[in-house]
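Hi there,

Here is the structure I promised to pass on to you. Please open it beside this email and follow along as you read.

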Amino acid sequence: MERLKQAISLIEAGNFEEGLKELTKVRETADHEGLYDLSNIYYSLGLIEDARDVVEELLMHYPNEGELLVQAAECYVDLEQEQEAIAALSKIDENDAAYPPALLLLADLYQTEGLEEVAEQKMLEAKRISPDEPIIDFGLGEFYLTQGHHSKAVPYYEAVINTKGELANENIELRLAEALSGSGQFEEAITYYEKGLENAREINALFGYGFTAIQINDYKKAIHAFKELKDLDPQYSTLYPYLAKAYEEEGALTEALETLAQGIKVDEYNEELYLQASRLSFKSHDEESGEKYLRELLAINPSHVEAAKTLATFFRTEERYDDILDLIENIEEGEETDPYLDWSAATALAHEEKYKEAIKRYENAYTYFKNDPLFLEEYGLFLIEEGRRKEAIELFKQALKQDPTLTHLEEDIMRFEEETNQ
């Protein structure tokens, strides 16, 4: 229609209001074919309500036309009228050419509502009807990828990897790379990440590339990917622990620690960053920083047991028994304890000559450490000081059984048994 072309020309020239007036006039006089074209134009312009109204007008004349029902459903979806969309799509006969696209749209709707199994059934039915349709394979790949079923997604992406047409703008290489990485096929994933990233430097793909490179111990590639990601988006906090790990594996501890410090500035509540920074600080013989990071982590989360255990172990090596007791007092709630903290507390209490409290802690820890020769020897020596030699001798025997190299315990056992029998 000449008038329709004129309206489009006005809109393309920037005369939007004049063009819309012309479209309104077209709607008043158009035949059914013209109305169909008009609905598509309204939809492409984002005038969804107008597009819906025109399609509904056409459906009054062609109530079972599958293509119109799909078009109406797309309008309903955009207008958040999901139930109307489902109702429209459900009217399409399975012999209609529009039935497979309708199944895909239904699958999207059911997935949005959390009905994943129903969505999967709809997509597999579409695949059965049109086994060689790329858009269906792509849809199944997308569905399984979002569900975390990476290995299921792989063959569908592989089926469309070289497809052009309506999938030409989709970076299928990156999707396939993510699916391969998620299913543990890291070497293959790297290849597709590199191909896909040639087309677009997507930040999530750069993270996936770096993560996958770590899995195959290619730390140089990982560092390159994570550094580029950091330059593109410094607020992408997830990258920092992985970049630090890659640096550490390359022996670049200074760069690893700098990365973790940067990460903490970006995400001050990321507990893993503090824990990793403390470990690397101790590894670099910077005990002051190691302790600082652990204390900062415990200030954020006082019940972080791993941080408490690490800090308590450090205090034990430094013989800072008051600090051990202060630490444990601050983190323990009620009667909940941890065997490692019980052992640390027992050691500290024994040195502080708080024997009744110490024995309770040793008893608590014993259940967990009854096969640890170092604990058994320490516990036994404490019991000797308490005059409980028979119990101590049994602990020494258990320790010697676990570690026969502790030959000095043989002498202690003999000596204490003689003294006990006198």
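Predicted model: local features only at pLDDT ≥ 70, side-chain atom pairs only at ≥ 80, totals over all residues.

Residues are numbered from 1 along each chain as its sequence is written, and side-chain values use heavy atoms, leaving out hydrogens and water.

**Helix pairs**

Two packed helices are described by the angle between their axes and the distance between the axes. Helices here are DSSP runs (H or I, at least four residues), numbered from the N terminus. Axes are lines fitted to C-alpha atoms over the stretch in contact, with angles from 0 to 180 degrees between N-to-C directions.

Look at helix H21 (residues 339-351) and helix H22 (residues 355-369): their axes come within 8 Å and cross at roughly 150°. That makes H21 roughly antiparallel to H22 (the word is used for angles over 145 degrees). The crossing of the two is left-handed, meaning that the near helix is turned anticlockwise from the far one by less than a right angle. Residues in contact (heavy atoms within 4.5 Å) include Trp-343 and Leu-349 of H21 and Arg-361 and Phe-369 of H22. By class, the contact of H21 with H22 has 13 nonpolar, 2 polar and 3 charged residues. Nonpolar covers Ala, Val, Leu, Ile, Met, Phe, Trp, Tyr, Cys and Pro; charged covers Asp, Glu, Lys and Arg; the others, Gly among them, are polar.

Now find helix H13 (residues 203-215) and H15, whose axes come within 11 Å and cross at roughly 35°. This crossing of H13 and H15 is left-handed. Phe-207, Phe-211 and Ile-214 of H13 meet Leu-239, Tyr-242 and Lys-245 of H15. That contact has 5 nonpolar, no polar and 1 charged residues.

**Aromatic rings**

How many aromatic pairs does a search of the whole structure find? There are 23, where rings of Phe, Tyr and Trp (its six-membered ring) pair if their centres lie within 6.5 Å. Take Phe-138 and Tyr-157: their ring centres are 6.2 Å apart and their planes at 70°, so the pair is edge-to-face (planes over 60 degrees apart). Phe-138 sits in helix H9 (residues 134-146) and Tyr-157 in helix H10 (residues 150-159), 19 residues apart. Phe-138 is buried at 7% relative accessible area, and Tyr-157 is buried at 0%. Buried means under 20% relative accessible area, exposed over 50%, and partly exposed in between (1.4 Å probe, protein chains only).

Ring pairs also link a cluster that includes Tyr-340, Trp-343, Tyr-355 and Phe-382.

The buried residues of H10 are Ala-153, Val-154, Tyr-156 and Tyr-157. They pack against helix H8 (116-129), H9 and helix H11 (172-182).

Beyond four places in sequence, Pro-134 touches Val-160, Thr-163 and Leu-167.

Finally, Glu-248 lies in helix H15 (residues 239-249) and counts as buried at 12% relative accessibility. Leaving aside neighbours within four places in sequence, Glu-248 is in contact with Leu-253, Ala-256, Arg-279, Leu-280 and Lys-283.

Enjoy exploring!

Terms used. Parallel < 35°, antiparallel > 145°, perpendicular 65-115°, else oblique. Phe/Tyr/Trp six-rings, centres within 6.5 Å; stacked < 30°, edge-to-face > 60°.
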